[in-house]
Amino acid sequence: MIAHTLAAPDQRHSMDRLSEALLGYRPISITTLIGEKGKDQKSMLEVDPDALAVYATEDADVTWQLYEKLLPLLKESEQESVFYDIEMPTLPALEAMEASGISLDIFALEEFSDKLATEIENASSEIFNASGHEFNLNSPKQLGVVLFEELKLVDKPKKTKTGQYKTDEQTLTSLAGEHSIIRRILDYRMMTKLKSTYVDALPNSVSKKTNRIHTTFHQTATTTGRLASSDPNLQNIPIRTDLGQEIRKAFVPENAKNKILSADYSQIELRIIAAISEDEGMIQAFQKGIDIHSATAAKVYGVEVDAVEPEMRRKAKMVNFGISYGISAFGLAQRLGIPRREAAEIIDNYFNQFPSIRSYIDDTIAFCRENGFVETLSGRRRYLPDIKSSNQTVKNAAERNAINMPIQGTAADLIKIAMANIHQDIISQKLKSRMLLQVHDELVFELAPKEDDVLKGILENRMVYALPSLNEKVPVEIEIGIGKNWLEAH
């Protein structure tokens, strides 16, 4: 499955699908043995041994046949190095992390759940007072009527294909300045999602055998090489709000002697953009240790770094992160809440000051048109045939993916190489500390007593120098924090 993910990233990679596509053979479905998902589904222990034997041997045979088909595909797509040097060494690290799991302070979550319930009730009351009556806050239809027919927030409100008023997050955010009710509706939605998706649901994921949460990591779920997490998804815990951060407080070591250690790459995607584009201005800012957003703002607004105001820095930060996603003047204007003309001016100034980044974008799109793919510093590829589409919307999306994939994919390769090496170091040095989670550019550990210095030393070496070709151009930095829970460590 991993081999196929590298050879054909945009396709589906399940064993059954690969068997049908590459072998022309449909394997026995597991549902014929144990039934469909639900309360009536059997366990494998209840299946007739003869039927199970046929299923198991077929699985092994199909795997062997797929191996023989995929080996040449790996070579043909020049992905052998990514497969053998990055993905395969990452596998044992992920297996150990899944088996280890992480402890959860259920009492802390219960307290937080009660606090959220009160906050949700307060938000609801304020919304009802502002609208003049109660209504179903979870009904987009009723909310649309309140906002656009009763309060008349805009003259020509946008509608969905079914004729309902649009009340999605993007629409509401763009209306935040029109009425105080919008901010409270967004707060209400954020809090109810936090409560239902994480605060009330996470305790149900605790294993009765280990008293820990065991997420599953996926190496085949993304086209960029990023890892994904499920059952439960621990990579999507929101951390941009104070309330979202509270959830991290519930992730704790299994005993009072241990601590949680968090190691996070510092602005890694921007460092990768600087290295790939070879933009001197950006590289110098990182080499001198200047705050990159302030350095960007200084260049864009033509002032000294010391004269950069907070609002200038905020706008420069949005452009810095938006560039890797092919942000447009319209998109920047929406995110910053500024006129489109001002946004276009900021982007123009940005490219005037960082011309190599403009060249990177143009050259990458041209390369993709000619070769049909883009690749990371490690050689991981993504094929984007839609870059030649006659449909402008489809073509634009492919171009954005072409710009972004080498950056995101290189960050993914970097942390995977680091994880594989850290895992081996922990084993070879017989440490009691354990690697628990990977969340985008962050690694989370359970730190055993008296192992602070040795583990920090491993991280400084393995995370910083995982990709020598990156270090040759920009300094790579990590931030390490230690605490009695994940929030305190991060």
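Two strands are said to pair if DSSP finds at least two bridges between them. Helices (H or I, at least four residues) and strands (E, at least two) are DSSP runs, numbered from the N terminus. The model is predicted, so local features need pLDDT of at least 70 and side-chain atom pairs count only at pLDDT 80 or more, whereas totals for chains, interfaces and linings use all residues. Residues are numbered from 1 along each chain as its sequence is written, and side-chain values use heavy atoms, with hydrogens and water left out.

Select strand β1, residues 102-104. With β2 and β5 it forms an open sheet in the order β2-β1-β5, and the pairing is antiparallel. The edge strands, β2 (212-213) and β5 (251-252), each pair on one side only. Between β1 and β2 there are 2 bridges; I102 has I213 of β2 as its bridge partner.

**Second stop: strand β10**

Next, select residues 442-447, which make up strand β10. Are its residues buried or exposed? Buried means under 20% relative accessible area, exposed over 50%, and partly exposed in between (1.4 Å probe, protein chains only). In β10, 6 of the 6 residues are buried, so the strand is largely enclosed by the rest of the structure. In a regular strand the side chains alternate between the two faces of the sheet. Here E442, V444 and E446 are buried on one side, and L443, F445 and L447 on the other.

The hairpin of β9 and β10 has 2 residues between the strands, and H440 takes a positive phi near 60°.

Now select residues 280-288 and look down the axis of helix α12. The buried residues are M282, I283, A285 and F286.

**Last stop: helices α13 and α16**

Finally, select α13 (residues 292-301) and α16 (residues 340-353), whose axes come within 8 Å and cross at roughly 100°. Axes are lines fitted to C-alpha atoms, for helices over the stretch in contact, and angles run from 0 to 180 degrees between N-to-C directions. Contact means heavy atoms within 4.5 Å; T296, K299, V300 and Y301 of α13 meet I346, N349, Y350 and Q353 of α16 in this way.
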